Amino acid sequence: MNILMSYIPEPTNPSSTSASSSIRPAPLSFDIGRYKVSPLSRRTDNGEYVASISLRSGCGSTSHDRVFRLLPLFPNEQAALDFAAHQGRQMAMQQTAVC
């Protein structure tokens, strides 16, 4: 199985969102089968980080994007992104095996 990685640039105007509500993608998304997996993190109001995954498939008007919010909360952004990447990889591999 080939895993391809691509760069997701930072938002062009980061000052337009507040630090407590902005969702930041990991610098690297990766492809598994027909899915593009993007780990995400967001800082909560209490200073902890929540992990999320964007799992995309398709192209153009037939594209589909599912976003999953994961538990538990994490003390830092990197831990949340690492957890999201691991969980996203597992989910994409399970979905690919079903197809």
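## Reading serine 41 and its surroundings

Modeller: Let's start with one detail: the side chains of serine 41 and glutamate 77 are in polar contact, at 3.1 Å. Keep in mind that this is a predicted model.

Biologist: Thanks! In which strand does serine 41 lie?

Modeller: You will find serine 41 in strand E4, which covers residues 35-43.

Biologist: And is serine 41 buried or exposed?

Modeller: A residue is called buried when its relative accessible area is under 20%. Serine 41 has a relative accessible area of 2%, so this residue is buried.

Biologist: How much of the chain counts as buried?

Modeller: The chain has 99 residues, and 28% of them count as buried. As for the surface, the chain's accessible area is about 6,300 Å². Carbon and sulfur atoms contribute 56% of that surface.

Biologist: What share of the contacts with a separation of 6 or more comes from residues 24 or more positions apart?

Modeller: Within that set of contacts, residues 24 or more positions apart account for 42%.

Biologist: Now a backbone feature, please. Which peptide bond is cis?

Modeller: Look at omega for this one: the bond from leucine 71 to proline 72 is cis, with omega near 10°. To find the place in the structure, go to strand E6, residues 64-74, where proline 72 lies.

Methods. Residues are numbered from 1 along each chain as its sequence is written. This is a predicted model: local features need pLDDT of at least 70, side-chain atom pairs count only at pLDDT 80 or more; totals for chains, interfaces and linings use all residues. Side-chain values use heavy atoms; hydrogens and water are left out. Helices (H or I, at least four residues) and strands (E, at least two) are DSSP runs, numbered from the N terminus. Buried means under 20% relative accessible area, exposed over 50%, partly exposed in between (1.4 Å probe, protein chains only). A polar contact is a pair of N or O atoms within 3.5 Å; within protein, one must be able to donate a hydrogen and the other to accept it, and residues adjacent in sequence count only if both atoms are side-chain atoms. Contact means heavy atoms within 4.5 Å. Accessible areas come from the Shrake-Rupley method with a 1.4 Å probe; for residues, only the protein chains shown count as cover.
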